[in-house]
Amino acid sequence: MPHHDPDELDSYAVILTQLLPGAWTRELRQHDVHADQHVLTSGVWDMNQVAEALAARPLEHDVILTRDDGRRLFLMDHPRYEDEFLIAAMAPVGVHAEAFRAVREPDGITIPGDPEQAAEAVITDLLPRYETALAQVNANAARLTSTASRPDTLVMTWTESGDLSVSTDHGEAAEILTGNGFVPDTDRHTYLLSGDDTAHQAQCVRAAGTALGVIHVGVTLQSAPHRSAPTTTRVPAPRPPTPNTLRSR
């Protein structure tokens with residue numbers, strides 16, 4: 001088993017950060033308690049040779065490289081060869097685990113002791129796969145956030161004047177409301193539909209309900225506690241369009 005010097009790894013990291021695109025900083029970490037290894041390396045985004053190396057032997061030291069945009073790389077000595085190193089991407093933090101589903105890990109690579117050759121390998125191989133995986137995770141996380149913030153049902157409440165009031169902070173639902181006659185109130189989270197023309201009001205409610213149904217948001221009409229009005233009525237879900245079977249002559 002080769003002996004590795006942490007200062008040599010740190011010196012190598014210094015040169016490597018100068019050759020990689022962007023502004024990078026480095027952190028040399030020395031590990032005295034091997035029981036903490038799993039926690040310290042849990043962010044390594046690899047299911048291949050770097051993961052195998054971490055599982056095969058206690059980690060004595062490593063270097064974390066961080067770019068100014070938050071990208072992070074994990075650098076360690078090769079467990080079998082003194083003139084080679086292992087480098088891998090690190091997963092983004094603060095992202096729900098579900099966002100990583102079906103995203104392939106941007107597995108790490110072996111890089112030579114020559115920093116220029118190593119930088120070229122990182123730039124042409126590891127970083128592109130890292131960016132691809134990161135974009136997929138970020139897109140998944142955005143969809144999860146959008147779904148979580150979207151209400152299942154919007155409650156439209158009759159006011160004393162006969163207007164309808166509805167509150168939502170979901171952007172897509174708000175656009176549908178404003179596109180169907182609802183006027184934003186001063187706090188921009190409450191939307192009012194005038195009751196001056198009840199026929200027009202009903203038409204707007206039906207149109208909004210249909211559009212909201214497309215994004216799987218239901219609509220419920222209810223009276224204000226102090227207003228005498230019919231009991232709560234749920235707007236029926238829009239029916240799927242019926243194919244036109246008539247042919248023109």
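Let me start with a term: a residue is buried when its relative accessible area is under 20%, exposed when that area is over 50%, and partly exposed in between. Along the chain, Gln136 and Ala99 are 37 residues apart, and their C-alpha atoms are separated by 8.3 Å. Bear in mind throughout that this is a predicted model.

A second case is Asp10, in helix α1, residues 6–19. Asp10 has a relative accessibility of 16%, so it counts as buried. Leaving out residues up to four places away in sequence, Asp10 touches Arg26, Leu28 and Val63.

Now the chain as a whole. There are 6 helices and 11 strands in the protein chain. Of its 249 residues, 38% are buried. If we take the contacts between residues at least 6 apart in sequence, 62% of them join residues at least 24 apart.

An α-helix has 3.6 residues a turn, so residues three or four places apart point the same way.

Helix α6 comes first. The buried residues in α6 are Gln201, Cys204, Val205, Ala208, Gly209 and Leu212. Viewed down the axis of α6, these buried residues fall within an arc of 135 degrees, so they line one face of the helix. Ala199, Arg206 and Val214 are exposed on the other side of α6.

What do the buried residues of α6 pack against? Their partners are the strands β6 (153–158), β7 (164–167), β9 (190–193) and β10 (218–223), together with helix α5 (171–178).

The two ends of α6 each have a detail. At the start, the backbone nitrogen of Ala199 has a side-chain oxygen of Asp197 within 3.2 Å of it. Just after the helix, His216 takes a positive phi of about 65 degrees.

Next is α3, residues 49–56. Val50, Ala53 and Leu54 are buried in this helix. Down the axis of α3, its buried residues fall within an arc of 95 degrees, so they too line one face of the helix. Glu52, Ala55 and Ala56 are exposed on the other side of α3. The buried residues of α3 pack against α2 (37–40), β3 and β4 (84–89).

The largest cavity holds about 110 Å³ of space. Its lining includes Ala53 and Leu54, as well as Met76 and Asp77. Two elements give two or more residues to that lining, namely α3 and β3 (72–77). Also in the lining are His4, Gln37, Arg57, Pro58, Leu59, Glu60, His61 and Pro79.

To tie this together: Ala53 and Leu54 are among the buried residues of α3, and both also line the largest cavity.

Note on methods. Residues numbered from 1 in each chain as written. Predicted model: local features only at pLDDT ≥ 70, side-chain atom pairs only at ≥ 80, totals over all residues. Heavy atoms only, no water. Buried < 20%, exposed > 50% of the residue type's maximum accessible area, 1.4 Å probe, protein only. Helix = DSSP H or I, 4+ residues; strand = E, 2+ residues; numbered from the N terminus. Arc of directions from axis to C-beta. Contact = heavy atoms within 4.5 Å. Polar contact = N/O pair within 3.5 Å; in protein donor to acceptor, adjacent residues only side chain to side chain. 1 Å grid on protein atoms, 1.4 Å probe; cavity = no way out; pocket = protein on both sides within 12 Å on 5 of 7 lines; lining within 4 Å. Points joined across faces, edges and corners; volume = space filled by probe spheres on them.
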